[in-house]
Amino acid sequence: MTKIADHHRVSSSFLARVCTRMNVPRPPRGHWVKLANEIPSPQPPLPEAGPGDLQVWRRGDALGAVSRPVPKAPAPRKIKPEQLRISRSRQHPVVVGAYEVFEQGRVIDQGFLKPGRQRLVDVVVTKPQLEPALKLANQLFLKLEAAGHRVMFAPSDRTYARASFDEHEHPPKKPRHRHPALWSPSKPTVVFVGTVAIGLTLFEMTEELEARYIDGKYIPTSKIPSQQMRRLSSTWNWSTRMDFATGRLCIRAFSPYPWTDWSQSWKEAKQGSLRGQLDEIVQQLTDAAPVIARLVEEAEEQARIRQQEGMEQIRRREERERIRLQNEAREQARTDLLSAIKHWDDIKRIQAFFSDAESSVSNLSETERCIAMDKLAQARELVGELDPLQALLEWKGPRERL
C-alpha cells in the first residue's frame, strides 16, 4: 500500500479510501507477517463491480465519481427457502428512521401521508398502515439481501426514474388527475439483481365506494349504521362516489431505466397476506432481472439508432445549409459583378464626356475657355475619382463570400 501510494503521490490512508470506494480488497493488518511466518492469509478475489462502485481512479479524481455500469443479470438460480431466513429484529438501512419522518408528515386526501422529506423509502400509505407497511418493506429488503441482492436508494451512476402508478385497486379506464398529488421520493428505492436495478414501491390501495356527506366529511354508505341511514334527511346530505383507502397494501416492482416498460404488482387480498408471499416475490424479482436487462439493451440500442439518425439529420441539414449559402454567394457575387460592370460602363461614358469637353475647350475664346475649365473642374469634383479598375478590385467572388 505504501509503495503504490508513493507511485501515485498520495498518502497510504487516502489510497485505502480509494480501494474501499472501488470495492477492491486490500491486505489486512498482519497479512505480510503471516506470510513471512508461513501462516495462511488467503487473498480474496476481486469481486464483480457492483452498482455505484468506482471502476477507474486517477490521481486528482474525486472519489464521488462513478462510471456507468452496463446492467447485467446473474445466471438464473433457484433460491432456497433456508437462504431467506432473516432476523425479525434487524432493520434495513433504507427503512431506519423512516417511521418518525412519515408520522410527522402532512395528511392529504384519503388520509395519505405526505412527509416533508424526499429522500425516504418509497412507501405511500395512510397513517394507520404506516407501521405494517414499513415492517413489510423491511422484511422484503432483508430477504432480498439474504438472497444476495443489494437494496438501496438509486445511486447516481446513471438515470433511474421512479415509474408512476395508480393507487386504485381497480384502476379506472381513464386516468384521474389527483390534487394534491401523492408523495413521491427524490430517488427511487431499488434492488440490484447483479447490476440490474429493479424499482420497488409499496403503497396502500384505494377503492371507489358510494358515500354520504355527513357533518362535513364523506363516509362510505356501507359504514353508516342502518338506523342512522333511515334518520338521514335527503335535504341535508347526499350520496356520491368517492375513493377511500382500503388498508390493503400492494408491492409494485418496475424498471427504473428510461425507455423500458416493465412492471409487476402483488396485491393483498386481505390485510397482511403479502407477508406469506415474500419468498415468492424475491424469486420472481430474481427471475425478472434478465428480462429487464434485455429491455435495457434493446432500449439503449434504439437510443443509439435514434442518436445516429439525429446526427444524420443534422449532417443533412448542415449540407443543405452549405449548398444554400453557396448558391446565395454565387447569386450575390453575380449580381455584384453585373453591378460593377455597369458601374465600369458609367465611368467610361463619364470619362468620354470629360475628354470630349476638354478637347472642345480649345476652340473657345479666352473668357469662355476659363469659364468652361472652371465648370469642368467643378464637375470632376462633383463626380469624384473615376477609377474603372477599383470596382473590380472591390468585387468579392463566391469563395471570398463563404
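This is a predicted model: local features need pLDDT of at least 70, side-chain atom pairs count only at pLDDT 80 or more; totals for chains, interfaces and linings use all residues.
Reader: Let's start with charges. What can side chains of opposite charge do?

Author: They can pair when their charged atoms come close. In this model the count comes to 16 salt bridges.

Reader: Which residue forms a salt bridge with aspartate 122?

Author: That's arginine 162, with the closest N and O atoms 2.8 Å apart. Arginine 162 sits in the loop between strands S4 and S5, and aspartate 122 in the loop between S2 and S3, so the pair ties together parts that are 40 residues apart in sequence.

Reader: Is aspartate 122 buried or exposed?

Author: Aspartate 122 is buried, because its relative accessible area is 2%, under the 20% cut-off. Arginine 162 is partly exposed, at 23%.

Reader: And what does lysine 143 pair with?

Author: Lysine 143 forms a salt bridge with aspartate 279, and here the closest N and O atoms are 2.9 Å apart. Aspartate 279 belongs to helix H7 (residues 278-361) and lysine 143 to helix H5 (residues 130-146), so this bridge ties together parts 136 residues apart in sequence. As for cover, lysine 143 counts as buried at 13% relative accessibility, while aspartate 279 is partly exposed at 31%.

Reader: How should I read a bridge inside one helix, say lysine 342 with aspartate 346?

Author: Look at the spacing. The two are four residues apart in helix H7, so about one helical turn separates them. Lysine 342 is exposed, with a relative accessible area of 55%.

Reader: Which residues are linked with them in a network?

Author: Asp345 and Arg349 join Lys342 and Asp346 in a network of salt bridges.

Reader: On to empty space. How does one find where it is left?

Author: You roll a probe the size of a water molecule over the atoms, and that shows where empty space is left. In this model the largest pocket holds about 570 Å³ of space.

Reader: How many residues line the largest pocket, and which lie nearest its centre?

Author: The lining has 22 residues, with Glu167, His168, Arg176, His177 and Arg178 nearest the centre. Strand S8 (residues 239-254) gives the most to this lining, namely three residues. By class, the lining divides into nine charged, seven nonpolar and six polar residues.

Reader: What is the lining of the second largest pocket like by class?

Author: That one has 15 nonpolar, three polar and one charged residues. The second largest pocket has about 480 Å³ of space. Of its 19 lining residues, Cys19, Val24, Pro25, Arg26 and Pro27 lie nearest the centre. Helices H2 and H3 are the elements that give two or more residues to this lining, and H2 has the largest share, with three.

Reader: How many cavities does a search of the whole structure find?

Author: Two of 30 Å³ or more. The largest cavity has a volume of about 60 Å³. Our buried Asp122 is one of its lining residues, and others include Val121, Val123, Phe141 and Ile251. H5 and strand S6 each supply at least two residues of that lining, which by class has eight nonpolar, one polar and one charged residues.

Reader: Which residues line the second largest cavity?

Author: Among them are Pro74, Arg77, Thr286, Asp287 and Pro290. About 40 Å³ of space lies in this cavity, and its lining has six nonpolar, two charged and one polar residues.

Reader: Last one, the backbone. What is the phi of arginine 9?

Author: Near 60°, a positive value in a residue other than glycine. Arginine 9 lies in the loop between helix H1 (2-8) and helix H2 (12-21), and is exposed at 63% relative accessible area. Glutamine 110 also has a positive phi of about 60° although it is not a glycine. The loop between strands S1 and S2 holds glutamine 110, which is partly exposed at 26%.

Note on methods: Residues are numbered from 1 along each chain as its sequence is written. Side-chain values use heavy atoms; hydrogens and water are left out. Buried means under 20% relative accessible area, exposed over 50%, partly exposed in between (1.4 Å probe, protein chains only). A salt bridge is a side-chain nitrogen of Lys or Arg within 4 Å of a carboxyl oxygen of Asp or Glu. On a 1 Å grid over the protein atoms alone, a cavity is a set of points where a 1.4 Å probe fits but cannot get out, and a pocket is an open set with protein on both sides within 12 Å along at least five of seven lines; lining residues have an atom within 4 Å of a point. Grid points are joined across faces, edges and corners, and a volume is the space filled by probe spheres set on the points. Ala, Val, Leu, Ile, Met, Phe, Trp, Tyr, Cys and Pro count as nonpolar, Asp, Glu, Lys and Arg as charged, and the others, Gly among them, as polar.
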